[in-house]
Amino acid sequence: MSGINKKAKKRDIAIIGTGYVGLITGVCFASLGHNIICVDKDKNKIALLNNGQIPIYEPGLDKILKKHRKNILFTTDSKKAIEESGIIFIAVNTPTGKRGEIDMKYFKAAIREIATQIEEYKIIVNKSTVPVGTGEWVQKEIKKYYQGNFSVVSNPEFLREGSALKDFLKPDRIIIGAEDNKSKKIMLEIYSKIEAPLLVVDIKSAELIKYAANAFLATKISFINEIANLCEKINGDVVKVAEGIGLDKRIGPKFLNAGIGYGGSCFPKDVRGLDSIGKEYKYNFNIIKAVMLVNQKQQERFVRKIKKILNKIKGNRIGVWGLSFKPNTDDVRKSPAIAIIKELQKNINYKIQAYDPIAIENAKKEIPFKNIKYSKNAYEAAKNADILILITDWSEFSKINMQRVKKSMRQYYILDGRNQLNPENIKKLGFYYEGIGRK
Ligand code: UDX
C-alpha cells in the first residue's frame, strides 16, 4: 500500500469501536483482502468475537466473519492497534446527550489515545457520525501532542441495519472527505475493489453529507406520514398517493411508506443532531424541527386510535406484532413499539401480549414487566385479543393464517401501523381493519 510502508505494518487498518459500524467495516475490509485489527474497550464483546460469536444480529455477518477470520485480530489493546496500523478508523458511538446535543466523549477519548501515541505518519479516518467541524478539531487536538505528519479523513457510513453488508460492499456511493493528496490516494486504494461512485470532497462537506442524507430520508418519512394523516380525513389512500408521486423520478418510490414513524439508533439521533449543529452555527432549521414533531405525533396518534377502539368495544386485551424498530434486526433502540407499549401500560386494565421474531430479549430490557407477557409466536400474541396491532412489518406477518388468527381472537380489530396487511383480504375475513391513511 503506497504511502504507508506495508512491510512495517502488521495490520493495514485498525478499527476503533466494534459496534454495528466498526464490526461491519472491519469484516468487510478483511473480505477485501486487508489485514485488520478491531479494538473495543468492552472486554465481553471482544471475548465473544474471539470465541467466534457475534454480539449483534446482522444477516450474513457470521458467515463472512468466519470466512475472513484469519485476517482480523480482535483486541482491547488500543495501543497495539494504533502502533501496528497505518490507517485508523474511528467507529465509536456518538450518542445523543441530555440536551439533544451530540455526545462526543467516546470519540474524543479515542482521538486523545491516538494523539498521545502517534509517532509516525498515519491516517485518522472519522467513520463515526460526528458534528460538522470535527475534522478540524481532530487536526488541532493531535497537533497539541504530535508535530509530525498525519492526515485526517472523514468517511461517513450509510449502513442500514439488516442490510449492512450489502450497503458496505455494494453502496450507492462512497464519500471521502480528504484534503491532502497522500490520504486521498490511500483511501482510493483501500476502497478500490468496491464498484461504486466515489466522491472526494472537503472534510466539512463529508461530515454534513451524513447528516443531510439521514435528515432528508427522515423528511420523506414525515412528509408521507402527513399526507397519510390528510388521507384519513379525505378518505384517500396514502399507498396509492405514494405510488403516484414516487413514479416521478425526482421523488422516487423509496422511503414513502407511511406508518407510525421512524425509529432506530440513527434517524432520531441524526435528525436531532443536525438541528443542534444548526444551533451551534447559528442557523435555525425549520423543516428539521417539523420532521421531529410529525414523527413524535405519529406515535401519539396511533396510541389514541388504540384507546378509542378499546373504549368503543369495551376491550382490554392487546396483541402486539413486532417490537424491533424495523424488520431484520433485533435492535429496539428508539423503536416506536417500546414507546407505544409503555404508553399503553399506563392503563392497568390493558393486558398486552407481544411477539417479535428476534427482538423480545432486547425489548424486555426496555419495557417494565407489568401487564405484559411475551408470546412465542404471532398466533399466541393474538389469542383472546380484542385488538391486534402491527407495529413492525416483519415479512412473516404477511404469511400468517389470518383465519386461524380470527378464530383465536375475542374481538376482531386490527390496527396496522405499517400498512403491511391487505385491507380487502382482511375485511373479507370479517376483521375491522384500520391502517395509516388507508381507505
Ligand atoms: C438509517 C439509514 O437508512 C442509513 O443509511 C444510515 O446509515 C443509518 O440510519 P437504519 O436506521 O438502519 O438506517 O434503518 P432504515 O431502514 O433507514 O429505517 C429507519 C426507520 O424508518 C425505521 O424505523 C423504519 O421503520 C422507518 N421507515 C423507513 C419508515 O417509516 N418509512 C419508510 O418508508 C422507510
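## The second largest pocket

The residues that line the second largest pocket divide into 7 nonpolar, 5 polar and 5 charged, where Ala, Val, Leu, Ile, Met, Phe, Trp, Tyr, Cys and Pro count as nonpolar, Asp, Glu, Lys and Arg as charged, and the others, Gly among them, as polar. The structure is a predicted model, in which local features need pLDDT of at least 70 and side-chain atom pairs count only at pLDDT 80 or more, while totals for chains, interfaces and linings use all residues. Residues are numbered from 1 along each chain as its sequence is written, and side-chain values use heavy atoms, with hydrogens and water left out.

The lining of this second largest pocket is made of 17 residues, and those nearest its centre are Pro268, Asn295, Gln296, Gln299 and Lys334. Two or more residues of the lining come from each of helix 11 (267-280), helix 12 (287-313) and helix 13 (336-344); helices (H or I, at least four residues) are DSSP runs, numbered from the N terminus. The space in the second largest pocket comes to about 430 Å³, a volume being the space filled by probe spheres set on grid points that are joined across faces, edges and corners. On a 1 Å grid over the protein atoms alone, a pocket is an open set with protein on both sides within 12 Å along at least five of seven lines, a cavity is a set of points where a 1.4 Å probe fits but cannot get out, and lining residues have an atom within 4 Å of a point.

## The ligand and its shell

The ligand is surrounded by 19 residues, the closest being Leu159, Glu161, Gly263, Phe325 and Lys326; a residue counts when one of its heavy atoms lies within 4 Å. By class, this shell holds 9 nonpolar, 4 polar and 6 charged residues, and helix 9 (residues 203-234) gives the most to it, with 3 residues. Both domain 1 (11-201) and domain 2 (202-439) give residues to the shell, so the ligand lies between them; the domain bounds come from an automatic or database domain assignment.

Oxygen atoms of the ligand lie 3.0 Å from an N or O atom in the side chain of Lys210, 3.0 Å from a polar backbone atom of Gly263 and 3.2 Å from an N or O atom in the side chain of Arg418.

## The largest cavity

A search of the whole structure finds 3 cavities of 30 Å³ or more, and the largest cavity has a volume of about 60 Å³. Its lining includes Asn126, Glu207, Lys210 and Tyr211, and helix 9 gives the most to this lining, with 3 residues. Domain 1 (11-201) and domain 2 (202-439) each supply at least three residues to the lining of the largest cavity, which by class has 3 nonpolar, 4 polar and 2 charged residues.

Key
Polar contact = N/O pair within 3.5 Å; in protein donor to acceptor, adjacent residues only side chain to side chain.
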